[in-house]
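Open the model in a viewer and keep the selection panel at hand. The tour goes chain by chain, then into one part of the fold, and then to the contact between chains.

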Amino acid sequence: MATIQELLQALNTKAAAVSTADLAKELGASKETTLTQLKREKDKGNVDGNSEEGWVITEAGKKALGAVPSMISEGVTPRQKFEAFGHLIGIKPERVTLATHIVWSGDYNDLKWVWDALGQADIDVDLRRVWTNAWRAHLKKGIPPDLEKVLVGAEEEGEVKAGAKPKVEEGRSYILVDDLPVYVGKNLGDLIYEDALDLARIRGSRAARQPAQGAAGQQVTADDIIRIVNAVRDWTGASAAPPKSYIVSPGEEGKAIVQEVEPGKPLVLPTPAASRPGLTYLVDKDGSVKQIQSGEPIVIKQEAPLAQRTFIVKQTTEGAKIEELDTSKPIIINAPASGSGMQSMWPFPAVGADGKPMVDDKGNPILVNIEPMLKYMGFMDERRRSDERHSALMGLAQTMKENVPIAIEAFQRAVAEVKGKAPESTTQQYECGGCHTKFTLPREPGEDEKVICPNCHQEWTGKEVLGA
Amino acid sequence: MTIRGILQSTGRYFILIRAAQDIVNKAKEIGIDRIKTLVDAGRSITEIYLESCSPDKKVQKRREAHTLFEVGITPEELWKEVIRRMPELKPIIEGKDDYIQAEMKKIEAFVKGEI
């Protein structure tokens, strides 16, 4: 349930009578409770009205509220303003009330509807035109295209047709909407065309300058400069004047310098600070840093590389001797005479896993005698060759052993063929005593060895076979 | 006949005898009883032998057969030489000319690479 103060406050903000239901909904209370409170306040004289016509706050109620004057009391509600225009024009009060009722039955912000509604109230055309234009000015709206003819008038229509520049009207016929001049009817605006145009340019240039002023102290970007130049060009009417050229160069503390280029006059650009020669330093081989003055020469001394030491290994009867080579002297190699009895054990430098020669503690190369290994490898090669030679000879002998009897037989048969006589077979043939089948044996059987006929399988002793 | 003709004839006999001897050695490996059984059953000894050979061995045998034919040795002549060196085969194949002809055709097909 809302308090009496809240109830009177809600009524005080209303421009017209409000129903019980709407008031209860606004206060968040029930309809019955709100109605009871309203009737009680009506008895006190703070509110007036009923459930059918709605409720309004009275002067006593406003005093009891002790509140700020309402829009109604000040006479500044839209309806009061509309009625005030009618009274000022000189229309009778009852006709003003009727016309306002009709207008408020629709959208009073729609000028077309306002024009039609005033016509329904039988207001004369001249008065309708003035009333509608006054209301349009109060709403700060332009003339709708549908009402342009009726609100501006017939004689003006003729001027529009004859004039070369119909939009440029004499008199205060323009207002500014979004910084652009808008024609609202002859002598119905606030500005003449030239003033409206100048004011629009000034406001446009001010709007263009505002971001740059807000960014004072910050770096000026190229876009800001271009915007300023364009704004200045628009404001000064650059379309009629010849175009000007500007050069923007970086200045101190990140700011930009804009210079206008005059035709026929050379422009000298200042050298950027970044291009000035800086300080030069030299870091020597010890790592110390030294500043070099301008013009001072820098001399870098190249040290001679360390000479490589070369050693010669001499094989003597006492063993291998190592001597360092003097590069200024020739190297003489004494070849030993053959049969001198000197061992041919040439030292071989030992090489490590990294592929570099191995050295001892004194830096001398380590030498290895590889002759025993070479002898062993030679022995193994000789033995392998000997085995291969033996195998080849044995294979050849086996082939000869197999083929020589065949070759002899082939030769004998060839000779017999020449003589016209068939040769005797060199293969020993045997004949079974039972079935008389001739057969051969892989070798000559022994006397006690059993021989079986391949045809009748009768067994014979070797002695019997050989005897037959 | 000249010496050259004798040498040529000797070479021809050498090839013939060696080929026949290889066949005889193989027949002795198989055994005369098993050969008789196979022949009586109509099974081709040539096929059985070739099935047991490796591809390399087949190539070698085909090359040897080509050599035989190049010097003018016919399958019949080779067969006679085999019988001459292994007379116990003769009673097994006597009267079986169809079998021998079929074996000869199989040998020719093998030499031509058809099997």
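Helices here are DSSP runs of H or I with at least four residues, and strands are runs of E with at least two, both numbered from the N terminus. The model is predicted.

**Stop 1: chain B**

Select chain B and colour it by secondary structure. On that assignment there are 7 helices and 0 strands in chain B. Read from the N terminus, the order of elements is α-α-α-α-α-α-α. Chain B has 115 residues, and 12% of them are buried. Now look at contacts in chain B between residues at least 6 apart in sequence: 78% of these join residues at least 24 apart.

**Stop 2: chain A**

Switch to chain A, where the assignment gives 15 helices and 16 strands. Of its 468 residues, 13% are buried. Here, among contacts between residues at least 6 apart in sequence, 32% link residues at least 24 apart.

**Stop 3: the largest nonpolar core**

Which residues of the largest nonpolar core touch the most other members? Select A:Ala99, A:Val103, A:Val114, A:Ala117, A:Leu118, A:Ile123 and A:Trp131; these hold that place in a core of 14 residues. Helices H7 (93-104), H8 and H9 of chain A each contribute at least two residues to the core. H8(A) has the largest share, with 5 residues. As background, nonpolar side chains in soluble globular proteins tend to be buried together.

Centre the view on A:Ile123. Leaving aside residues up to four places away in sequence, A:Ile123 touches A:Ile91, A:Ala99, A:Leu118, A:Arg128 and A:Trp131.

**Stop 4: H8 against H9**

The axes are 10 Å apart, and the packing angle is about 150°. Angles over 145 degrees count as roughly antiparallel, so that is the term for H8(A) and H9(A). The crossing of H8(A) past H9(A) is right-handed.

For the side chains, select A:Leu111, A:Val114, A:Trp115, A:Leu118 and A:Gly119 on H8(A); they meet A:Arg128, A:Trp131, A:Thr132, A:Trp135 and A:Arg136 on H9(A). By class, this contact of H8(A) with H9(A) comprises 6 nonpolar, 2 polar and 2 charged residues.

**Stop 5: H6 against H9**

The axes of H6(A) and H9(A) come within 10 Å and cross at roughly 140°. The pair H6(A) and H9(A) is therefore oblique. This crossing of H6(A) and H9(A) is right-handed.

On H6(A), pick A:Lys81, A:Phe82, A:Phe85, A:Gly86 and A:Ile89, which meet A:Leu127, A:Val130, A:Trp131, A:Ala134, A:Trp135 and A:His138 on H9(A). The contact of H6(A) with H9(A) has 8 nonpolar, 2 polar and 1 charged residues.

**Stop 6**

Most residues other than glycine have a negative phi. Two residues to check against that background follow.

Select A:Asp122, in the loop between helix H8 (111-120) and helix H9 (125-139) of chain A. Its phi is positive, near 60°, and A:Asp122 is not a glycine. Is A:Asp122 buried or exposed? A:Asp122 counts as exposed because it has 10 C-beta neighbours inside 10 Å, and the cut-off for exposed is 12 or fewer.

Move on to A:Lys140, in the loop between H9 and helix H10 (148-152) of chain A. A:Lys140 also has a positive phi, about 60°, without being a glycine. With 9 other C-beta atoms within 10 Å, A:Lys140 is exposed.

**Stop 7: a loop between strands**

Select A:Thr327, which sits in the loop between strand E10 (319-324) and strand E11 (348-349) of chain A. A:Thr327 counts as exposed, with 10 C-beta neighbours inside 10 Å.

**Stop 8: chain A meets chain B**

Finish with both chains on screen. How many residues does each chain put into the contact? Chain A gives 20 residues and chain B gives 17 residues. On the chain A side, helix H14 (371-419) and strand E14 (438-440) are the elements that give two or more residues. H14(A) gives the most, with 10 residues. By class, the chain A side holds 10 nonpolar, 6 polar and 4 charged residues.

Methods:
Residues are numbered from 1 along each chain as its sequence is written. Chains are lettered from A and ligands numbered from 1 in the order in which they are written. This is a predicted model: local features need pLDDT of at least 70, side-chain atom pairs count only at pLDDT 80 or more; totals for chains, interfaces and linings use all residues. Two residues are in contact if their C-beta atoms, placed from the backbone, lie within 7 Å. Ala, Val, Leu, Ile, Met, Phe, Trp, Tyr, Cys and Pro count as nonpolar, Asp, Glu, Lys and Arg as charged, and the others, Gly among them, as polar. A residue is buried if 20 or more other C-beta atoms lie within 10 Å of its own, exposed if 12 or fewer, and partly exposed in between; C-beta atoms are placed from the backbone. A nonpolar core is a set of buried Ala, Val, Leu, Ile, Met, Phe, Trp, Tyr and Cys residues joined through C-beta atoms within 7 Å. Axes are lines fitted to C-alpha atoms, for helices over the stretch in contact, and angles run from 0 to 180 degrees between N-to-C directions. Angles under 35 degrees count as roughly parallel, over 145 as roughly antiparallel, 65 to 115 as roughly perpendicular and the rest as oblique. A crossing is left-handed if the near helix is turned anticlockwise from the far one by less than a right angle, and right-handed if clockwise.
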